[in-house]
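Trainee: I would like a close look at a single part of this model. Please take me through it slowly, then show me what lies around it.

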Amino acid sequence: MDLCVTGQVSFAAMSRLSLKVNGKVRTVDADPDCPLLYVLHDEEFRNPRFGCGLGQCGACTVIIGGRAVRSCQTPMKTAAGKDITTLEGLGTPGKPDRVQQAFIDAQAFQCGYCLNGWVMTTKALLDSNPRPTESQIRAAFEGLVCRCGSHVRILDAVRQLAGTRQA
Amino acid sequence: MQFGSSLEQGRRDMERSRREFIRDATGLVIGFSLIDTSLAPQVLAQRSTFPPGAPGRTVPAPDRLDGWLLINPAYGPGYLVQVFTGKVEIGMGVETALAQIIAEELDVPVDRVFFVMGDTAQTPDQGGVGGSTSISQGANPLRNAAALARAVLLRRASEELNVPVADLSVRDGVVTARTTNRTTSYSNLLTSLTDVPLRVTGQGFGLNVQGDAKPKSPADYTLVGTAVPRVDLPPKLTGTFSYITDVRIAGMLHGRVIRPAGVGAKLQRVDDSAAKSIAGYVRTVTKGDFVGVVAENEWAAIKAAKAVKVTWSAPLTVFSTHERLYDYLRTTPPKSSRDTLKRGEAAMAIAGAAKVVEATYEFPFQSHATMGPGCAVADVKADGVTTVWSGAQKPHAMQRAFAELLGVPLERVRVVWVEDSGSYGRAGFEDVACDAVLLSQAAGRPVRVQWMRDDMTAWGPKGPPVVSVMRAGLDAGGEVVGLEYTSYAFSGNEVNAVPQVAGNFLGAQLAGVPAVYGGDEFAEWSRMAPPYAFTNVLARAHLIAGFHPTASPLRSTHLRDPEGPAVSFAVESFIDELARAAGADPIEFRVKYYSEPRAKAVLEAAAEKAGWQRRGDPLVRRTTSGPDLNGPAVTGRGVSLGVRNGTYVATIADVEVNRRTGVVRVTRFVCAHDCGLVVNPDGLTRTIEANLMQSISRTLKEETTFDRSRVTSVDWPTYGIVRASDVPDAVDIVLVNRKDLPPGGAGEPSSRAIAAAIGSAIFDATGVRLRRVPFTPARVVAGLRG
């Protein structure tokens, strides 16, 4: 098949920006308007996942300044220099973070593509409120999407962490 | 190379987790294509380095044991079992269940079993994933191959230990002679599995192999039937797992597609002058009405796809609009009709009945709306040697289709499956792979295409809408004397779920390849809902031609049990209506007309767990969770039965309906599930729970909307699904484990028994029968206002 090809290669100047992920600082060349998500992917932090690119699903969530934020809606000029935590910065397979462990114990996901959003949102929630109520948990999660429908076990895992039990 | 090196690496680093190792293997396979790209598929296919001396071959041979399974040394004195399967993991834990089945036959620990899945250069063609068959059918050749491998290993052990095979026992891969107490290990018997023939039968999902060894009796199982944790969840949760979106190839460009302005719009002009100032922009590719951009980095591709000015002709106005969809289906002359069940004289019996009940049920177009919107990488070389990385469910079929698309021999194309987000059918991951092939071919470099959200939700294929018209006659005693079921639907297979021809793909169709119609797939009772044994029955199915035969965003195909949820919604809701008309309890009513003991057993199990109170009296609002009857919230309870290919599911839904806002919340779900022998009770329970949530979503929220030319549900706000606030307070799964039966399908059956249970519960709560899915607040309020 012959394809009709149009257009030419071109390059424009990028900015050198400081990126601090999981405690390590590096310098990247990036468009200041580029969302953090794509720069993280280029730097091999790939667990913040592309789900919608619209801030609607939470799959790309990272923690900046203690808050769960959507890296697909955070431009590099905002993220540069800030302390960014990704899923890779929590625990390791040999030593999972307690949030990761709780989700493993609950066998909480089906495909797991969305899990980054749930784990990072849970982490931010518990760091600011160690014993959230059921309605606080659900409210924190209302902006997250799980297409497989793994919600039942996700909530169980978080209730376990929060030390609450459904009535 | 390939496994040799990955195993070497495994030996070097004994501390690494099992799944890290697997992921390294994936990385190596990916990396390998860089070494000699012109030969990659052929060389990779040979696997001649393991076991040493095995003859090279260009395609996996299902008639040889080592085409399925190898036992290889790794981790010092240990060994690992490498299994090559055409089945793939789509998020329901089948990898873990298959590992249990294989480990059971071989008497090895489950963590010794590693898979290569869905790689056309390495695995047999098992038809990929579909129809909830991965365990019920797909495990058969793996079980038989493992049983044969054990027999071969024991024969070798018998020679080595100088005792009869009957004297040997195996535990964790260590073979012990009972009489002499001498031992040997699988790791000492490694060369035994070459050149062992297998007898091949069937193909696709039904591909099976048998050797001269019988698998274990289920009575002897010690691993199958236990709650082995999912092998993939620790690496996924700790961020060491790679999905398809993580595949990176040296020299790779990033691509985005630009879809037409609406159905049938033709490309007029492309102006990329604005894109040329974007750092990293490479070029715009057009072929017919297919348009895409490629760039050196992802952000440049995203910006360029917006910056390129594309002029389209006015789209066709061939869609009915979603508001008029059901009228369109009912009034358009069918392209094809079929009687799917005929017994006695239904029309005559209804004409003579004391009471006639009629109702029409409607189920919308729904989108797969996968969590990741679709991603693939393709590397098309100038000589046609092509590698495609894709998360679609049927890699071997795609190999055939891409060979056709590129006009090259089959063996030049290799499709490597890498896990994507849960796809639940022919979701569009096939189409994004085609987009990547088209862009790589044009750009002359590997291209990674990431679909944006609307590429999936708006332009991905759809589950078909179904209208079901039902009529029944009851005699004076409440007996059903006749029943008619008539469906009007788009084909569930307009886009063939088996993507094995080039004309199957959206991108190819846009590029000018004639669309290939997948075939007639009817919305049929009794196959898609319980086969109640009424004396006089006529079930008739009409298929309506799709709105537009090519490159339509409303093309229909398989979405988790294509027409099953729609047909079961109609039949099971109508059964509830008939039970009420007859003054009967809906469970007793079902059992009366359907004598299958397994159906009765799941209904009774669900009723017992839920504390079902007999219903048959005039409507009584039950206040199980105690809302104020004078306030806006009322509660109700409904039941439904789902039957699919030998799997039986009964669900009981408790709902709370806010009469002011119309919001429905499922407060409790009880689901009794019998799919024969249970391989992994925990994994099965999780998959059923998740399917219940997804089915609540499809019942209460999901509807693809569209105007005359375009799909208008394009993202999460416009195609809403369940959120945390929709999660029931309790979900109780009751597994009916039939150890006397083979394991059956479990991915889809529970999606059949949801909508009717919720709809009947809403009726129980409010006296309003909703017959159009989804049960949105506006429809509930409209129903309450009469």
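In which sense do strand 4 and strand 5 of chain A pair, and over how many bridges?

Mentor: Keep in mind that this is a predicted model. Strand 4 of chain A covers residues 61-64, and strand 5 of chain A covers residues 67-70. The two pair in the antiparallel sense, over 4 bridges. Start with one pair. Thr61(A) has Arg70(A), in strand 5 of chain A, as its bridge partner. The two strands form a hairpin with 2 residues between them. Look at Gly65(A) in that hairpin: its phi is positive, near 60 degrees.

Now turn to the other partner. Strand 4 of chain A is also joined to strand 6 of chain A, residues 83-85, by 2 bridges. These two strands run antiparallel as well. Find Ile64(A), then look across to strand 6 of chain A: Ile84(A) stands opposite.

The domain assignment of chain A gives domain 1 as 11-88 and domain 2 as 98-162. The C-alpha centres of these two domains lie 22 Å apart. Their contact takes 14 residues from domain 1 of chain A and 14 residues from domain 2 of chain A. Our hairpin takes part here. Strand 4 and strand 5 of chain A each supply at least two residues of the side of domain 1 that touches domain 2. Strand 4 of chain A gives the most to that side, with 3 residues. By class, this side of domain 1 of chain A has 7 nonpolar, 5 polar and 2 charged residues.

Along the sequence, the pattern reads β-β-β-α-β-β-α-β-α-α-α-α. The C-alpha atoms fill a box of roughly 65 × 45 × 30 Å, taken along the principal axes. Of the 167 residues in chain A, 53% are buried. Now consider contacts in chain A between residues at least 6 apart in sequence: 60% of them join residues at least 24 apart.

Chain A also touches chain B. That contact takes 61 residues from chain A and 68 residues from chain B. On the side of chain A, the elements that give two or more residues are strand 1 (4-6), helix 1 (36-42), helix 3 (98-106), helix 4 (115-128), helix 5 (134-141) and helix 6 (151-162). Helix 6 of chain A gives the most, with 4 residues. By class, this side of chain A has 32 nonpolar, 20 polar and 9 charged residues.

Chain B has an open sheet of 3 strands in the order 4-5-6, with antiparallel pairing. Strand 4 (168-171) and strand 6 (183-185) of chain B stand at the edges, and each has a single partner strand, so one side of each is left without a neighbour in the sheet. From one strand to the next, the twist averages 25 degrees. Strand 4 of chain B pairs with strand 5 of chain B, residues 174-177, in the antiparallel sense over 4 bridges. Check one pair: Ser169(B) has Thr176(B), in strand 5 of chain B, as its bridge partner.

Helix 5 of chain B covers residues 139-161. Its 23 residues should span 33 Å at 1.5 Å a residue, and its end C-alpha atoms are 32 Å apart, which agrees. Of those 23 residues, 18 are buried, so helix 5 of chain B is mostly covered. Just after this helix, Asn162(B) takes a positive phi of about 60 degrees.

Compare helix 18 of chain B, residues 755-766. Its 12 residues should span 16 Å, and its end C-alpha atoms are 16 Å apart, which agrees. Here 12 of the 12 residues are buried, so helix 18 of chain B is largely enclosed by the rest of the structure. Its cover includes helix 14 (564-581), strand 25 (633-644) and helix 17 (681-700) of chain B. Gly767(B) follows helix 18 of chain B, with a positive phi near 80 degrees.

How values were computed
Residues are numbered from 1 along each chain as its sequence is written. Chains are lettered from A and ligands numbered from 1 in the order in which they are written. This is a predicted model: local features need pLDDT of at least 70, side-chain atom pairs count only at pLDDT 80 or more; totals for chains, interfaces and linings use all residues. Two strands pair if DSSP finds at least two bridges between them. Axes are lines fitted to C-alpha atoms, for helices over the stretch in contact, and angles run from 0 to 180 degrees between N-to-C directions. The expected span of a helix is 1.5 Å times one less than its number of residues. A residue is buried if 20 or more other C-beta atoms lie within 10 Å of its own, exposed if 12 or fewer, and partly exposed in between; C-beta atoms are placed from the backbone. Two residues are in contact if their C-beta atoms, placed from the backbone, lie within 7 Å. Ala, Val, Leu, Ile, Met, Phe, Trp, Tyr, Cys and Pro count as nonpolar, Asp, Glu, Lys and Arg as charged, and the others, Gly among them, as polar. Domain bounds come from an automatic or database domain assignment.
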